[in-house]
Amino acid sequence: MELTNSIEAKTRFTLVFASMEKSDENMLLLDKQLLKFLLVGIASTLVGCGLMFVLYNCFGISYWFSSACNYLTGGILSYFLNKYFTFQNKQKSLRQIILFIINLAICYFLAYFIAKKSVYFILSTQSEKFRDNVALLSGMCIYTALNYLGQRLIVFKHKENSTKNETLK
């Protein structure tokens with residue numbers, strides 16, 4: 001009886017593994033596209049933050065306008081770099097731009113809501129300033145993960161076999 005169960009378990013494992021190998025290559029999420037996405041994120045952050053601090057500190061522009069310029073500039077740069085460099089998407093459509101904006105908004109609100117609620121629950125005995133800083137950092141991480149998934153699987157989703165997907169080695 002044990003031998004039969006063992007053989008059945010090995011057969012199931014082999015079938016699952018084989019079906020995973022045959023699955024669509026574009027569904028691999030840990031590949032060179034992730035690395036490119038993170039590099040684009042760093043570049044967008046540096047450009048946006050650089051602009052924000054120059055506007056605020058050198059030109060005396062208000063806090064809110066300076067920070068808005070950060071997100072606007074970073075978002076525009078991110079769109080074009082991710083579209084053409086990360087996901088090599090050649091599609092031209094207003095729908096894609098709208099999906100990009102909706103994706104950013106959903107990821108932002110969802111990430112920072114989850115971060116604040118969970119951090120405030122876990123660190124309930126800490127000061128508000130400490131919890132807010134941890135929540136902001138956590139929100140950035142959650143946002144990055146959600147944004148990557150949204151851009152890869154929805155906004156810049158490739159049509160069947162439109163590009164090669166290179167796996168990290």
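**Entry 1: the model**
I am working from a predicted model, and I kept that in mind throughout.

**Entry 2: the largest pocket**
I began with the empty space. Rolling a probe the size of a water molecule over the atoms shows where such space is left. The largest pocket holds about 1,200 Å³. I then looked up its lining and found 29 residues there. Nearest the centre of the pocket lie Thr45, Asn70, Tyr71, Tyr112 and Tyr143.

Which helices supply at least two residues each of this lining? I noted H2 (32-58), H3 (63-86), H4 (94-122) and H5 (128-155). Sorted by class, the lining comes to 17 nonpolar and 12 polar residues.

**Entry 3: H2 and H3**
Next I turned to how these helices pack. Two packed helices are described by the angle between their axes and the distance between the axes. For H2 and H3, the axes come within 8 Å and cross at roughly 155°. An angle over 145 degrees counts as roughly antiparallel, so H2 is roughly antiparallel to H3. The crossing of H2 past H3 is right-handed. I also checked the classes in the contact of H2 with H3: 14 nonpolar, 11 polar and 1 charged.

**Entry 4: H2 and H5**
I stayed with H2 and looked at its packing on H5. Here the axes lie 11 Å apart, and the angle is about 120°. That angle makes H2 oblique to H5. H2 passes H5 in a crossing that is right-handed. On the H2 side, the contact is made by Gln33, Leu34, Phe37 and Leu38. H5 brings Thr144, Asn147, Tyr148, Gln151 and Arg152 to the contact. I sorted the residues of the contact of H2 with H5 into 4 nonpolar, 4 polar and 1 charged.

**Entry 5: H3 and H4**
Last, I looked up H3 against H4. What is the angle between H3 and H4, and how far apart are their axes? I wrote down about 125° and 12 Å. H3 and H4 are therefore oblique to each other. The crossing of H3 past H4 is right-handed. From H3, I listed Gly75, Ser78, Tyr79 and Lys83 as making the contact, and from H4, Gln96, Ile97 and Phe100. By class, the contact of H3 with H4 divides into 3 nonpolar residues, 3 polar and 1 charged.

Technical notes: Residues are numbered from 1 along each chain as its sequence is written. This is a predicted model: local features need pLDDT of at least 70, side-chain atom pairs count only at pLDDT 80 or more; totals for chains, interfaces and linings use all residues. Side-chain values use heavy atoms; hydrogens and water are left out. On a 1 Å grid over the protein atoms alone, a cavity is a set of points where a 1.4 Å probe fits but cannot get out, and a pocket is an open set with protein on both sides within 12 Å along at least five of seven lines; lining residues have an atom within 4 Å of a point. Grid points are joined across faces, edges and corners, and a volume is the space filled by probe spheres set on the points. Helices (H or I, at least four residues) and strands (E, at least two) are DSSP runs, numbered from the N terminus. Ala, Val, Leu, Ile, Met, Phe, Trp, Tyr, Cys and Pro count as nonpolar, Asp, Glu, Lys and Arg as charged, and the others, Gly among them, as polar. Axes are lines fitted to C-alpha atoms, for helices over the stretch in contact, and angles run from 0 to 180 degrees between N-to-C directions. Angles under 35 degrees count as roughly parallel, over 145 as roughly antiparallel, 65 to 115 as roughly perpendicular and the rest as oblique. A crossing is left-handed if the near helix is turned anticlockwise from the far one by less than a right angle, and right-handed if clockwise. Contact means heavy atoms within 4.5 Å.
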